[in-house]
Amino acid sequence: MHRHLIPGLGPSQRAGGMPWSGVREILDLALQCPDPIRLEVGEPTFPTPEHIVQGAVKAAQDGYTKYTANAGLFSLRTAIAKRYQRLYGVHVEPEQVIATAGGITAIATTFIALTDLGDSILLPNPCWPNYEMLCALLGLGVQRYPLQPEAFIPDIAQMEAQIDDSTRVLVVNSPANPTGAVFSEDILKNLLLFAQKHGLFILADEVYDELVFTATPYRSFLQVAADEPHRVVIVNSFSKTYAMTGWRVGYAICPQGLSETLARLQEAFTASPCAIAQKAAETALEGPQEIVAEMRETYRRRRDMCLVEAEKLGLRVIKPEGTFYMMIDITESAQPSRDFAKDLLMSESVAVAPGDTFGPQGEGFIRISLASKEEDLREGLRRIQRYLGTSPKQI
Ligand SMILES: Cc1ncc(COP(=O)(O)O)c(C=O)c1O
């Protein structure tokens, strides 16, 4: 891979040491296959709604073609603050909101704002692999708290054993990628107590907050931590809620005082998110919200269909309460999940995410994305079951 580099002038150890996403590894392989069923990547199949696209066109014509403030356009930050009032009844000042290039940049700048070299981040196990990539790049230690098998919710007693003096930030992701778990208010309160007890910040990654299928309304960490606002940074994004992955707009909601730091940090990376995309995001928030409910209902239908199909096929799956992911148990196979995913692609032409990329507790699973088309999901499950029947078995 580095064969064109001059010896001694290769990439840094830090760059070389960044763990690579197993999702991307399978995606790259899938791109070389003729017409595979693509269930690996977490991206809505819907196009971005037309009125949002038109918002961007108008923004470009209106001259939103320059740098914006590092914190983003004030009009967008105001619209985001109003969203929290509308959905969760919490008051957010626009000054607390920092618009970023996707949720990932909000996470990166928050990590930098809250840590020094050698500090550690406490991550769920399993979790989205990009948190660990960032830690590797930023010289941060990774600690992992196990999520209970089956329901994939945290066990506070077990968390105590994972931390030490270097721990600075507890990452909470609900609804969770890859498990689809949604944490109850009680669990969120216990996580807050844990963070209080150990003097930790909480980064609450809520990018799937509008993709929840439970009857009980979703609780944002902002509601739970109303009395501890200095402890919590909320991360959210337009990617999943409005089918806007390619526009790269996300945001952080910070305690008063920390937002200035995040805004300044953006100068070093992106300066700000794209001005046109910020106006498109504003259009998304100010336009009709039925589209969000419609997309959610589609994902719910696909989830329910997959649960029925999996049962018929005898596949053990974890029922997701939110997001558009579903974990499938492959422990009856003797193969590590990465090998399983590669062989499945080669022999059955189905691309899935290998569980090991989400952390040690993801091993024994593969993850499929319910954002894929129904016929692909149905046929994909059938082929996974067929492959499971022929793969090497545990003895
Ligand atoms: C848990 C989680 N957080 C954050 C993100 C970031 O998304 P984006 O950078 O597109 O906003 C993702 C994307 O897959 C995710 O799964």
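Where is Pro126 found? That's my way into a few notes on this predicted model.

1. Pro126 is in the loop that runs between strand S3 (120-125) and helix H6 (130-138).

2. Pro178 belongs to the loop between strand S5 (167-173) and helix H8 (185-198).

3. Now the ligand, which sits in the largest pocket. Its shell has 14 residues, and those coming nearest are Gly103, Asp205, Tyr208, Ser237 and Ser239. Sorted by class, that shell holds five nonpolar, six polar and three charged residues. Helix H5 (residues 102-114) gives the largest share, three residues.

4. On the polar side, a ligand oxygen lies 2.6 Å from a polar side-chain atom of Ser237. For Tyr208, an N or O atom of the side chain is 2.7 Å from an oxygen atom of the ligand. Ile104 uses its backbone instead: an N or O atom there is 3.1 Å from a ligand oxygen. Of the 390 Å² of accessible area that the ligand has on its own, the protein covers 93%.

5. Ala243, in the loop between strand S7 (232-237) and strand S8 (250-253), has a positive phi near 50 degrees. Its relative accessible area is 5%, so Ala243 is buried.

6. The other is Ala271, with a positive phi near 70 degrees. You'll find Ala271 in the loop between helix H10 (258-269) and helix H11 (275-286). Ala271 counts as buried because its relative accessibility is 14%, under the 20% cut-off.

Note on methods. Residues numbered from 1 in each chain as written. Predicted model: local features only at pLDDT ≥ 70, side-chain atom pairs only at ≥ 80, totals over all residues. Heavy atoms only, no water. Near = heavy atom within 4 Å. Polar contact = N/O pair within 3.5 Å; in protein donor to acceptor, adjacent residues only side chain to side chain. Areas by Shrake-Rupley, 256 points an atom, 1.4 Å probe, with all protein chains shown as cover. 1 Å grid on protein atoms, 1.4 Å probe; cavity = no way out; pocket = protein on both sides within 12 Å on 5 of 7 lines; lining within 4 Å. Sits in = over half its atoms within 2 Å of the grid points. Helix = DSSP H or I, 4+ residues; strand = E, 2+ residues; numbered from the N terminus. Nonpolar A, V, L, I, M, F, W, Y, C, P; charged D, E, K, R; others polar. Buried < 20%, exposed > 50% of the residue type's maximum accessible area, 1.4 Å probe, protein only.
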